[in-house]
Amino acid sequence: MIKDAIGKIALYVASSLSVMTLVIIIGFVFVKGLPGINFDFLTRQWQDKTTFVNVTLQNTEDTDLSDSYIPSIRAYVEHSEESFTIIKLKDGSSLEKAKNLKNETYEVKKKDMITKIDSTNVKDMSMEEFSEQMNSVASQGITRLKVTRPGGGIQPMLISTLYIILLSLAIAAPVGILSALYLTEYAKKGKILGVIQFAIQMLAGIPSIIYGLFGMLVFVQLLKMQYSILAGALTLSILLLPTIISTTSESLKAIPKGYRESSLGLGATKLQTNFRVVLPNALPGILVAIILSIGRIVGESAALIWTAGTIAQVPSALTGNTASAATLTTKLYQLLKEEGDVASACSIAVVIIVLIWILNLLSKWITKRFTVKE
Amino acid sequence: MMVKHLLKNTEALESINMKTTKIREKIIETVFFLCALISVISVVAIIAFVFSKGLKPFFGDHAYNFLDFITGVRWDPENNQYGVFYMIAGSVFATAGAIIIGVPIGLLTAVFIAEVAPKSLVKIIKPAIELLAGIPSVIYGAFGMGIIIPVIEKISPQPQGQSLLAVICVLTIMILPTIITLSESSLRAVPKSYREASLGLGASKMQTIFRTVIPAAKSGILSATVLGIGRAIGETMAVMMIAGNAIGGIPTSIWDKVRPLTVNISMEMGYASGTHQEMLFATGVVLFVFIMFVNITVIRITHKTVEKD
Amino acid sequence: MRLKKFVTLCMVGAMVFAFAGCSKKDNNTNSNNANTQETTETTTEATDAATTESSTDAAATTDGSSLSGTVVITGSTSVEKILNDMIDEFQAMNPDVTINYTGTGSSAGIADTLAGSNDLGASSREVKDEEKSDTMKEVVWAHDGIAVITNPANPVADITLENLAKIYSGEITNWNQVGGNDAPIVIVSREGASGTRSAFEELIKLEDNGGLTEDATVVEGNGNVQTTVAGNENAIGYVSFSFIDDTVKGLTVETVEPTAENAKAGTYPLSRPFLFVYDENNYTPQTQAFVEFATSDDGQAFVEEHGGIRID
């Protein structure tokens, strides 16, 4: 009896320990990170963006006598430490039609900051001085303003993460699914099958830092892709292969033999059977494989830092100078390392955990529907 | 005549058709085969590139003595000192510690989920464990930095919290999901009749679990453990933030700082060039050899169970 | 079976071919470079004309004109904050120029310039003799102080260079040896090949004292040093001036306050230059314009803003 009790206590203690760690981790991340999450955090650029704009000022008589109202640009501004932030634009404000130095329209928006009027720095100005300066240059007609759009948001990382997910899956999914088809439908038991399966198991066991080393050496340096999303995606697609292959294989194996036999019996070729009967039936399994892979990509850091780099920007090419991009996770790491900014890092972590949780629910839901059908 | 000729033609056409479909099938099969081959090519390429770069500093004119490398206990690239033995020790100790703590906790949790817990509780615990499995390692690192290090700093005889113990704690948490999920499924795979027979012989539920069910699921639990070893030894980012990463010295207690192999690679990779960079690849080779052992053990174990079935 | 073997062979063949193709492409670009270099050498007059042209171009850029192209900068991570701001401003003035900065560390930045894989290398330490080359030029665009930081709870306020070297080499292990509490010193240092680390070790002449002690905690990045020191009462670390905030305390070194003025005046002993290095054969107008911007008044304002020290 005592032994039984000890056993039972051990079971309860161990499982509550496991669950507790999770609660503590999630608690830590949410307590530190949740305050930093808001609409701006999710939608803004990471870095402040400075633009010089040419604005046609109007010297109109305006009846609004509010202190914060600047008639020449028809806008309300707020004095913050080093600049003047636009808090509201009136209709027909010339700021809406501002032109950047390339003469393209650059719409100055709410929350943008004006930091220079022509070549005058507004840093040490008071509200009155600013207003005066703004109105005094109005007679010139066109004035150049230096406008800073505040950053601090994770939008570029969200987009880059999405790019890397799409790119990696575009490479790994077809290869992985066709591999699984070969292994389950075509391959005969023998040496070749053994070698392939051995290779897949090996791949599954290699730690991501080794993938990172390999990717850096081959894709970044040898193939001259530089730190780029393509180099990152290629590295990740190798890392994903084992997951996709084994999950897809499992679902292929679960399809009853009868399906294939009846299809073949009806005169379909093996190819037709595979694409019209076998693959559609394995679709839920394949979807789960893809969702698992997305989760893996979202969480990956070591394999990406040395292949895709850590620049917080939306990449504008697949390879080369402008293709480097940080995903949410690599940026989170970079933040801890370079800035020691635990709060922002935890805010990103909250976003990642929510993403992972949604992915988990999704894969559960798909599996459930599939098994119910059977 | 005409008809006969036509007939012959159609026959020929048909056979051509048959042939083309056959060829097409063959081509498609080949494409599938090539896809399957990519995994093999990748493994070969990874080994070839990492090894060729990592073994370079040990050959040629300015060759670094391999024995110095593998037995050295100081890593100081500025002074051309590259010893990795203390890192190997660090990796091995950290992994062993994580396994010693993680496997019992994980196994017992798995038993709880599979055998004891009511269904309603399982519905809460299991998704939680799955979420734990999906959390990126950098977040574990941040957690370690924010919670574990300050706690250890308070109780440690040494003045800093970065230590082997911190690494063991974080690695234990990180391998738990792997061990729980795999052990649970192997426990569930034990036939009902085993339990019934044991209970029928008068054994209590706990006796049945510990004397019958767990031994029957032995090989599954073993492979879970080995996979856990693989994950622990290969973990990088989380460990880097909490290990202390000393430049030399074999850890002699759990309060000492360690510098596991993975950390050494990723910490200096971005900066390194020349011999220094090659030495980091050499560290990768050492790590790879360890992983290879682990992998082959996993494959052996799973093979055996498959054969038994 | 035979088919499979054949296919495998084909595969291997294709791969070899692909690789060969790649390297061939490299050769081509290389020889192109070589060609342009030759022409520049032989027709000096032409290049002279070209440079004057490009410098007028550069002058014109301040009015936001026709410069275009990319500038790839790699190197020191210590200058990240300053450079990001400069780049932001410069790109605003020259909308057609894209500047890409990746923090890879000073050594890598210099190595990249030598290898021709960047336009500009950023270094936060002096270029070592063995790194110098005939065509590589250096431009100092700021100075930076390295602050010695401790936890604010630590009563020690001043440290001498000699004691710093003794602490980092492991000779002094307790704060009471330098006038503090009876508590062991937790030494925090940076990863190997970090520009800050090598500058710091050189400035305190750590090598003469036997090098860094094995007892040091090594962390990656300025941010990690700061968080580690902020979280440990007995820790000592070093970071670039721009990383001092209220979570850590900057010590006076040889009784001199760690301020930009003191570093500029040369009285603060732990200071180092921020450099750009470039290959004079690969000095494009847009790169030149950026370097000019960095050393201009506008650029220097950013240096000052982030706790760096202006060059003038």
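Modeller: The radius of gyration is taken over C-alpha atoms, and the globule rule is 2.2 Å times the number of residues to the power 0.38. This is a predicted model, in which local features need pLDDT of at least 70, side-chain atom pairs count only at pLDDT 80 or more, and totals for chains, interfaces and linings use all residues. Residues are numbered from 1 along each chain as its sequence is written, while chains are lettered from A and ligands numbered from 1 in the order in which they are written.

Biologist: What radius of gyration does chain A have?

Modeller: The C-alpha trace of chain A spans about 85 × 65 × 45 Å along its principal axes. For a compact globule of 374 residues the rule gives a value near 21 Å, but chain A has 29 Å.

Biologist: How many helices and strands does chain A have?

Modeller: Helices (H or I, at least four residues) and strands (E, at least two) are DSSP runs, numbered from the N terminus. Counted in this way, chain A has 12 helices and 8 strands.

Biologist: Which residue of β4(A) is the bridge partner of E78(A)?

Modeller: Two strands pair if DSSP finds at least two bridges between them. Strand β3 (residues 75-79) of chain A and strand β4 (residues 84-89) of chain A run antiparallel and are joined by 5 bridges. They form a hairpin with 4 residues between them. Within β4(A), the partner of E78(A) is T85(A).

Biologist: Which residue of β6(A) is the bridge partner of F84(A)?

Modeller: β4(A) also pairs with strand β6 (residues 113-117) of chain A, in the antiparallel sense, over 2 bridges. In β6(A), F84(A) has as its bridge partner I114(A).

Biologist: Which helix gives the most to the side of chain A that touches chain B?

Modeller: Two residues are in contact if their C-beta atoms, placed from the backbone, lie within 7 Å. By this rule, 64 residues of chain A are in contact with 65 residues of chain B. With 17 residues, the element that gives the most to the side of chain A is helix α1 (residues 2-33) of chain A.

Biologist: What percentage of the residues in chain C is buried?

Modeller: A residue is buried if 20 or more other C-beta atoms lie within 10 Å of its own, exposed if 12 or fewer, and partly exposed in between, with C-beta atoms placed from the backbone. Chain C has 10 helices and 11 strands. Of its 312 residues, the buried share is 46%.
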